[in-house]
2 protein chains.
Amino acid sequence: MYARLAGGAPAPAHGRSEGRPANGERRGGRGPRGRAQARRPRSMTNPPLQHRDTVANPDIAVIPPVTDPDVVRVIPLGGVEEVGKNMLAVETADDILIFDAGFQFVSEENDAPGINYILPNTQYLEQNRDKIRGLVITHGHLDHIGGIPFLMERLGNPPIYTRYLTSLMILKRQEEFPHLPKVNMHLVEPGQRIKLGTTYIKPFPVTHSIPDSMGISVETKYGNIVISGDLKLDHEDGVPSKTEQEVWGTIGKDNNILFIADSTNAEKTGFSIPEMRVHTNIEEIIRSVKGRLIIGTFASQFARMTHIIAICEKLGKKVVTEGRSIKTNIEIAQKAGILTVQKDTIIPVQEIDNYPADRIVVISTGAQGEEFAALMRIATKQHKFIALGERDTIMLSSSVIPGNELSVQKLKDNLYRRGAQIIHYRSSDVHSTGHGNSGELVWMNHQVHPRFFMPAYGYHSMIRCHAYAVEEAGFPKENIIIADNGLVVDIKNGTELNIHKEKAPTEIMMVDGFTVGMRQEVVIRDRQSLAQDGMFVIIATLNIKTGKLRKSPDIISRGFVYLRESQALLSEARTLIKRTVEKSTENMQPINLDFVKDQLTDTVTGFLLQRTNKTPMVIPVLIGI
Amino acid sequence: MYARLAGGAPAPAHGRSEGRPANGERRGGRGPRGRAQARRPRSMTNPPLQHRDTVANPDIAVIPPVTDPDVVRVIPLGGVEEVGKNMLAVETADDILIFDAGFQFVSEENDAPGINYILPNTQYLEQNRDKIRGLVITHGHLDHIGGIPFLMERLGNPPIYTRYLTSLMILKRQEEFPHLPKVNMHLVEPGQRIKLGTTYIKPFPVTHSIPDSMGISVETKYGNIVISGDLKLDHEDGVPSKTEQEVWGTIGKDNNILFIADSTNAEKTGFSIPEMRVHTNIEEIIRSVKGRLIIGTFASQFARMTHIIAICEKLGKKVVTEGRSIKTNIEIAQKAGILTVQKDTIIPVQEIDNYPADRIVVISTGAQGEEFAALMRIATKQHKFIALGERDTIMLSSSVIPGNELSVQKLKDNLYRRGAQIIHYRSSDVHSTGHGNSGELVWMNHQVHPRFFMPAYGYHSMIRCHAYAVEEAGFPKENIIIADNGLVVDIKNGTELNIHKEKAPTEIMMVDGFTVGMRQEVVIRDRQSLAQDGMFVIIATLNIKTGKLRKSPDIISRGFVYLRESQALLSEARTLIKRTVEKSTENMQPINLDFVKDQLTDTVTGFLLQRTNKTPMVIPVLIGI
């Protein structure tokens, strides 16, 4: 007598595999888990990093690197088909410079269950790693720095060039990845001219919702490539400030062959609300509110947080900070010298009741309705020290990120249940975007006066609207480059545009726990399927000689139907399984277990669909004895 | 020698079960699957209906029915904590009348994977079934009629009272559930006074985005209960039309003890955009557009669809209808006599190229970015007869439903990729809501002049804002009832308010394939867990005497890691499993397989977490031989 196992065979053999060959170097890193994962917090104290190096995929299209000294190449590797995962490459015959290394958050709507982040594809850069002279980071938001821990080694750990606050934010994140090599950080400032390899770059200051944001002019043989980074204009009633006029006026004096600019708000017309007006409104609210004021905002809104603290000091109010990212960023802001806080301004939350209500301002994370963030805990009476009441006012000083609408609705409902007053960015100007509207974008375009223009940073619709706006303002349509991720754009002699037919690899990379890799279709598809209908594992032992079942088969099912109420269904299924196995093995010698398995899968799937209108993943395990 | 199976034991025994006793009558029905399920279409041609009748949960709080003739009771059973699943009950000593039986759509953000719809809980009504005199339906939208097929039998198949168009929509849906008993349909019209049991109701016409919408006055001993249904006001610059003034003026002449009104847009101030302005704008666009015009809208926007067809006839344009729900609703509109279409106006899509582009208007479903709807197929070049080009214009004549933002973004991106022009409700007034803003709501409230007021139909924040608006306009705060689902409100003598401490059962009911039942926490939680991290089934055969494994254990894993690239991990896992089994059975006689299973689960879960930062569902199956 012998035992033989089929069906539950080594997993790669399962029928759903449509795997592709391992490609690219793989590297894992630990990162804070995205929103979708928030529901199941797990210890992050000391997981080891996974390093997996596999050979690069030999099948991918190889685009020859630039060798012609008269050619400059630009490749948007991420960020032109989405808001997030920004990365641009500029290549000359001698050098490759990389601009930003962001990631994209995954929301429920992305339908990529279990995935933490999405990264730009860096295979083109990996293939030409020896030409990489540096990674330039425009500012400290995660859609521009979030990919660094996952991508640096793939890029050969190039030196990073950025301004001080951004450098602190990058280094702070690196602390979470202690196994990675130390970052080679170079601080730069507007006004400098910095050599990377043989190429000079000139940073210039831009207005964004985080200090130390910069754009960059890259000097190439026939003129400059101007990269905006994320930005808006500081303006009053549509008239850009003196500083903006000077900065952009100076850029305009150069010969600019290409302008690459932020499209995030290009679908909106005119000029965006100036942050100054938001500051004035917030100051007025802090001044006039009767009870406690709880401000929900993004930790990344540095300018606003520092402004709120300054107002509180002026008005003799105490500040409570809630949420790790806000505490961290306030520390960073102090370290960077952009925030000086008096000794007693920020008080521990435990002392909140030692002060009259109208002297308390709480700055809190969680304005997107994140389940475990401070604001939601306050709203749902889970907070240890802050009990909301009718005299409290909540100010939601942030917009709703697409995909978070229902979470924010839930947050608002809970806040209203406590009887609190809510001031929302839709009802008052208590939030302003960090991205310019089309009026601002057109103005900048005029100033830069480039030969070619590539709208970037945004979904395709935003990029199109940016192009339409600029075109309408007189920019020649044929000189506008509408790019997808991976588009390879060569400019020769500063005048000839050559767009390659082959694109750089663009398959998205995902961070999935410690695994960093190409989109793993098989895994994601299985997760989607399991999420919809669950699974149904059949375990049957049969006499390998006669094909008779040795006992009634066992069933393991999860996520399919509520089993306690489905005993009749399970019992019918067992009978069907027995009949199917014994019928399909009749007169079969020797017994082909794979054939029996296929029969079982088909029969049971059909039965369950017909009875429940669900198609759980049916997995038969046959044990021949 | 004997074989023994543990671990994969009968599924209900699994450790995650936190089942509750079966409760309530269960009934299954086939319905179109919600958006979340769109990705995997399955045949719906002829599935049988499941009828499961189980005993009601004996543990639920029993609220005594009304016996005092001076008391009238109101229970909002659904729709006051969400937009959707609307259902209200009005009860006197003699009768229960039910108003609406809607469902709520499930979006990705609801985090209820695999669930088709959410229904109101009807247990209170089931317990008092013999008092139910009728189900009154205010209008034909799914958040008011969608629950009918799933709930009618639970309610004892009461007669339905509604207007003609609504009746056609209900009957059309019933066709999909051929096993259900025939509906006992009574047509009503404004101006009538209809007796249900001993209670009279008076329907009145209201303005909404679908014709034949009505509100209802319920005559009770001490005065009327006025139920608004969904509505807005027909108005010009904030002055309600003559018809509105007459309708609401008439209602105001009655003694109204309670007004229950729509809160959906109560967070918005002033008056909503009148549909008339939208009609004017759409007419102007249809008139002036140069190429083809493709209008994406909701099939439920009857008024708009009929208006568009009328304009096309006036301008000599041909209409192509795309999407089953639009075709169905146009048929229903014709049958209801609210739309007369000339013989050749609507042409088959195959003939679209027989006419000049500027004579073609397409009315299409899919403005929410639904994956398989007509508009998305057109946008992604999947449509057999409509190839988009630069001369085409798309008008998205609908707002974005919260939770659909990324789908709509994807749709827009794809439309822009085809070079088409897009006119969006945000950039022009080509869509208007069916729900009044707070200015309209306050006006109606003044007209009705009730003693008590209950804002309904909306999320809690909307209900609160409705209450605040009415209060600010002078309504006494103490007479406003802020309800949650299941709140039991008794009004005695028309003046005394008595809100019960016990609520009617509110646990949500779900449609999950053919299963209709209370929220099945175990199943949903398993699906969420499987979606995040997948599963990891271990199958090991061991010598039940010695505890030694008979061979290397087998592993079935789905949705966890990409197995082709994880052979080292699997191999380590097998070694760990072997060691764990043999160590934990050492000196154990007889072998306790459940103990070994627990050891395995803990050890393997910890190992996988530490190596991958994922926690798949680990299920050990031990086969003792």
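In chain A, 74% of the contacts (heavy atoms within 4.5 Å) with a separation of 6 or more join residues 24 or more positions apart. The model is predicted: local features need pLDDT of at least 70, side-chain atom pairs count only at pLDDT 80 or more, and totals for chains, interfaces and linings use all residues. Residues are numbered from 1 along each chain as its sequence is written, chains are lettered from A in the order in which they are written, and side-chain values use heavy atoms, without hydrogens and water.

Chain A contains 15 helices and 31 strands. Both are DSSP runs numbered from the N terminus: helices are H or I with at least four residues, strands E with at least two. Of its 625 residues, 64% are buried, meaning under 20% relative accessible area with a 1.4 Å probe, protein chains only.

Four strands of chain A form an open sheet in the order β7-β8-β27-β28, with antiparallel pairing. Pairing requires at least two DSSP bridges between two strands. The edge strands are β7 (104-105) and β28 (515-518) of chain A. Two bridges link β7(A) to β8 (residues 117-119) of chain A. In one position, Q104(A) has I118(A) in β8(A) as its bridge partner.

In chain B, helix α5 (residues 242-253) packs against helix α11 (residues 438-448). Their axes, lines fitted to C-alpha atoms over the stretch in contact, lie 7 Å apart at an angle of about 45°.

Technical notes: Buried means under 20% relative accessible area, exposed over 50%, partly exposed in between (1.4 Å probe, protein chains only). Axes are lines fitted to C-alpha atoms, for helices over the stretch in contact, and angles run from 0 to 180 degrees between N-to-C directions.
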